[in-house]
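Trainee: I'm new to this one. Could you show me how to read its salt bridges?

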Amino acid sequence: MFTEIQHGLSAWGSFDTWIVITAALAAMACALPGVFLVLRQQSMMGDALSHTVLPGIVLAFLMSYGLRNAEWISPSTQLATLPLFLFGGAVVLGVVSAMLTEFVQRLGHVESSAALGVVFTSLFAFGLLLIRLKADSVHIDPDCVLYGNVETVKLGVAGVPRATAMVGSLLVVNLTLVLLFYKELTISAFDPSLATTLGIRARIMHYALMATTAATLVAAFESVGSILVITMLVAPAATASLLTDRLPIRLVVTLAIAFITALVGHAMALTLPALVFSRLGFPEIKDASTAGMMAVVAGMLFILAMFFAPRHGMISKGLGQTRLAFRLACHDQLRALYQAERKTSLGATVEATAWTKTQGFILHYLATWSLILSQQIARTAKGHKLTSRGKRAIEQIITNVSDDTST
Amino acid sequence: MSFQRQLDWPSKTGSFAVRRSAMQTAICLLFIVWSNQEITAQISPHSEASGQGHQTTSQKPAGSLADNRLAWPAAADVKRVLLMQDYNTRIVLWGTTTLGLAAGITGTFLLLRKRSLLGDVVGHASLPGVAIAFLIMELREPQSGKWLPGLLIGASISGIAGMVSTVIIRSCTRIKEDAALAITLGAFYGLGIVLFTIIQKLPTGSQAGLGNFIYGNTATITQSEVDLIWRVAIVAIVAAGLLFKEFGLLCFDEQFASSQGWPVVLLDLILMGLVVAVCVIGLRSVGLLLVVALLIIPAASARFWTEKLSHMTFCAAVIGVVSCYVGAVSSALFSRLAAGAVIVLTGSVMFCASLCFGTRRGVLLRWYTRRRLNQRIATQQLLLAIFETVETALLPNPQQALTDVTVTLEDLLPKRSWTAKQLRRSLHEAQKAQYLASHPGRGHRLTAQGGRAAHRAARNHRLWELYLLQHADVAPGHVDRDADRIEQILDPEIISGLESALFKKYPQMAAS
Amino acid sequence: MASESIPPAVTVVPPLSIHDLTVAYQRKPVIWDIDYVAPAGKLVAIVGPNGAGKSTLINAALELIPRASGQVRFFGEPYQKQRHRVGYVPQRESVDWDFPVSALDVVVMGLYRKVGWCLPVLPRHRKTALAALARVGMADYAHRQIRRLSGGQQQRVFLARALVQDADLYLMDEPFTGVDAATERAIVEILRELRALGKTALVVHHDLQTVTEYFDEVILLNMRLVATGSVESVFTTDNLRKTYGGRLMLLENTDRIVGKGTSG
């Protein structure tokens with residue numbers, strides 16, 4: 001198995017490095033606005049925006065050709081400005097959809113996720129219909145439609161692929177924006193009404209964030225594909241939120257996770273499929289979609305964090321609860337012995353079976369052993385009895401917990 | 001160098017319900033333009049349902065956007081489609097409308113449970129299931145991979161897995177619902193993509209057309225598939241009907257349900273299972289995005305029309321059926337309309353109409369009630385102001401009645417902070433309500449009816465004020481100054497106590 | 001008054017007995033080692049400062065939240081077996097009031113267990129529910145959507161939903177919060193009627209001034225039990241200070257509150 005992995009990775013060339021760099025930059029660029037989307041509980045906005053930009057792009061496309069046909073601009077300018085047009089159209093529709101969602105939500109008292117659902121499906125359907133009616137001459141390549149094309153990086157000027165340069169600058173822009181507006185973003189995510197009283201227009205910040213997200217989505221698409229964009233928008237930020245409680249650290253952790261995701265994702269795309277499918281009898285399977293694999297890795301990293309996160313992980317929480325239950329079991333036993341001792345004047349040894357067993361057998365067994373080991377109780381012929389140390393401990397607990405004033 | 005993969009996806013326009021995504025579509029456009037390619041035009045047969053044959057692919061220059069008009073169908077075609085004489089049309093209509101019905105009903109509960117976007121997640125999450133089911137079937141027996149029930153079972157299993165993982169993430173970590181949904185969606189969809197790239201490379205060659213399954217293709221539905229769809233839909237509808245009150249309780253008050261001993265988790269699973277079933281069958285027939293829309297839009301629209309759960313469910317079902325019917329019929333009639341998109345847009349139009357005109361929560365209705373309320377408050381305030389003016393005027397000669405005194409605009413204007421325009425409008429309204437009689441040149445007088453109303457307004461207002469003073473500790477929660485309902489809200493003994501205080505303070509009020 | 005006429009049969013098994021109940025959120029216990037046996041046929045107030053775990057106590061007893069240790073018995077048996085004898089009135093904030101149901105529909109929900117799985121609600125169920133609504137003085141509002149009821153009316157609908165179950169023990173979570181005087185009166189009247197029928201009610205209450213007037217017994221709670229027993233013996237300034245600590249200073253007229261209890 002190890003040799004197979006080695007074999008899969010042996011083909012790693014500078015090309016793969018560029019893929020990883022491109023994907024990592026794009027992932028980091030997406031993860032930054034994602035941190036704030038997760039904070040504002042609008043994570044599904046990424047998925048929604050990736051649909052709503054369709055009519056924007058189609059409209060911009062039509063407008064551009066409309067201008068050319070009306071001879072307002074020359075064919076060459078039209079071709080040169082088309083990318084800008086499309087970009088602008090996508091961003092505008094991104095903001096429009098955010099506004100529409102809020103409008104429906106506020107005006108119709110529709111619950112926010114339903115409002116989002118209504119708006120994004122409608123806009124997307126509108127875009128589809130528009131293509132069918134107007135731009136029928138555009139052939140939509142399902143290949144493009146399905147997959148992001150991280151794998152298609154082409155070397156550009158000075159040895160740096162165009163796509164890499166593009167997502168790199170995107171990351172720089174997003175980073176600058178986040179650093180510049182850090183406190184405004186934080187406060188309007190945390191408490192919009194407070195932000196408004198402080199003179200920060202929470203709504204403007206909301207739309208600005210939506211515009212940034214839409215722009216990031218459109219721009220990052222070229223390098224990684226929409227699946228990865230949507231996942232990267234949310235997964236690293238959510239994973240980071242399990243790992244740390246402080247926002248500045250969370251931003252850094254998010255970026256790190258995005259980077260790791262890209263690296264591991266590509267490595268796994270090169271190795272894992274061959275590993276599995278050669279055993280199933282399909283030696284011709286060598287690799288799989290890098291973008292898809294990165295999304296899977298993002299999910300796996302999240303699951304890891306879900307279990308192993310230091311404070312908020314399930315294992316840590318479970319341990320904490322077990323520890324608490326264990327402590328309570330110890331107290332229960334000490335107290336039961338204590339009360340029994342007070343009742344019987346005979347200096348009292350108490351049968352272990354007589355204890356109030358409100359918890360599992362194992363827990364009681366463990367509690368008994370730990371109490372014996374810490375010399376708080378001692379084993380006797382008939383059961384157990386409190387030692388002087390145990391008596392001190394339980395008296396302390398009782399005075400702390402309840403002032404024995406209860407009737 | 002480029003690794004761009006050439007795939008064998010069907011590129012009939014029927015598969016236009018290209019799901020994922022706008023972005024990719026867009027970038028394809030970008031790509032095409034940047035590489036200065038000629039855009040390939042694919043005028044393809046609109047659908048088998050309308051009985052046209054395949055046409056050839058022609059080349060068009062990028063800029064040419066001519067021929068955008070919809071060709072109106074002949075009357076005979078309209079009749080044929082509407083009467084469902086055409087076999088293909090019939091099964092397409094039958095399949096989609098049943099789906100609309102089931103989606104409307106389950107969507108209602110989904111909306112009320114505030115999980116509208118779960119459909120989106122389930123749809124994405126079902127992709128790896130389809131791929132795995134295909135792979136398993138291919139491994140067992142080559143060329144058998146596209147057996148629909150098998151694919152549907154695979155899709156359901158992974159759809160449920162996706163749903164369960166959102167629930168686990170939400171309940172076991174501090175991640176909020178939205179992020180849980182988005183992560184599940186991304187990870188499962190990514191896995192689906194990985195598996196599909198692998199399937200593309202399989203040497204068996206039987207993967208062609210699998211895309212129809214994922215991206216939906218209304219036009220290529222076959223009879224056997226429709227049979228399956230409507231059976232699943234009927235099961236979903238019957239289950240929702242039987243468990244109607246249980247689902248209602250679950251959505252309204254989960255805590256109470258569990259304190260009553262209802263198996264909340266099981267009920268929730270059944271409900272979500274229905275959603276998965278609808279998603280999965282919808283996936284095949286109209287495509288993922290459109291299922292999401294069908295689950296959300298009819299339910300959200302229905303909410304504007306009714307305040308009763310059963311009516312809302314019925315209404316959502318009707319809206320779902322109508323959208324599906326309109327969509328399927330129009331795509332059969334107009335060769336350029338994609339069924340899925342029209343279904344959603346019909347729904348959207350109905351949503352907008354409901355938003356505006358809904359008889360229970362519609363915007364217009366709420367706007368009208370708000371205006372009525374404001375008017376009523378304005379009238380009350382006017383009557384109060386008139387009463388106070390008249391009262392002072394009557395103090396020297398208490399024999400006269402309220403209706404004997406004329407008040408002018410100038411008398412009233414300083415009473416409150418209202419503009420002359422507002423005051424005039426209120427006066428006008430009060431005249432229309434016959435509270436006031438206008439005496440041109442001199443001013444206004446209260447009518448007998450108006451006198452009684454003004455007296456009541458003043459009495460209530462003053463009683464409330466006294467109540468606020470005397471019972472300051474409990475009062476604020478109870479005061480409803482505008483209402484005539486002081487008797488309904490306060491105890492009789494409190495009121496009589498207040499009244500005696502009132503008459504002490506304003507002896508003139510006791511007389512009238 | 002009616003409290004003397006308790007049917008003797010009920011007193012044999014206490015309606016609610018709690019032993020060593022500890023509940024923890026995250027890693028910190030919220031209530032510690034609660035031991036309490038509710039007397040039958042009494043109105044019991046659960047009193048304590050904010051965050052004392054009053055609602056937690058009720059929710060843990062009803063198994064709505066997991067408990068770390070301890071056991072709870074209803075009429076001597078686990079909750080699952082005696083569910084039908086326990087009525088629960090949750091806090092008003094716990095549901096979505098925009099939900100498309102009328103007041104009557106909400107009350108009928110209390111009967112769903114009796115209606116059974118998959119069976120429809122029959123006219124006779126509606127009649128029972130309507131009768132319960134009439135008992136709380138809400139018959140006129142039966143068909144109104146719940147959002148369009150005032151806070152007090154909403155609370156009365158919840159009460160009617162509990163009444164319709166015809167339980168022997170009622171657990172109510174802050175029924176007097178944010179309600180108007182008429183509702184407060186209606187609730188108190190219903191509580192007294194219930195007591196006259198030999199039923200028991202545990203009510204989370206935060207208005208110290210009315211405790212002596214409305215209730216027979218009181219549980220003073222602040223994460224642990226401070227005191228339990230009849231209002232006369234337990235509801236003293238000393239105990240209140242133990243419950244509320246420094247916060248009691250804010251409640252200026254403690255003596256008046258308590259004094260009312262001993263005199264009346």
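Mentor: Let's begin with one residue. Asp96(C) has 23% relative accessibility, so Asp96(C) counts as partly exposed. Here buried means under 20% relative accessible area, exposed over 50%, and partly exposed in between (1.4 Å probe, protein chains only).

Mentor: A word on the source: this is a predicted model, where local features need pLDDT of at least 70, side-chain atom pairs count only at pLDDT 80 or more, and totals for chains, interfaces and linings use all residues. Residues are numbered from 1 along each chain, chains are lettered from A in the order written, and side-chain values use heavy atoms, without hydrogens and water.

Trainee: Which residue forms a salt bridge with Asp96(C)?

Mentor: The general idea is that side chains of opposite charge can pair when their charged atoms come close. The cut-off is a side-chain nitrogen of Lys or Arg within 4 Å of a carboxyl oxygen of Asp or Glu. In this case the partner is Lys114(B), with the closest N and O atoms 3.0 Å apart. Lys114(B) sits in a loop of chain B and Asp96(C) in a loop of chain C, so the pair joins two chains.

Trainee: How many salt bridges are there over all chains?

Mentor: The structure holds 22. One of them pairs Asp268(B) with Arg113(B), again with closest N and O atoms 3.0 Å apart. Those two are 155 residues apart in sequence, so their pairing ties together separate parts of chain B.

Trainee: Are Asp268(B) and Arg113(B) buried or exposed?

Mentor: Both are buried. They also belong to a salt-bridge network with Arg115(B) and Glu254(B).

Terms used
Helices (H or I, at least four residues) and strands (E, at least two) are DSSP runs, numbered from the N terminus.
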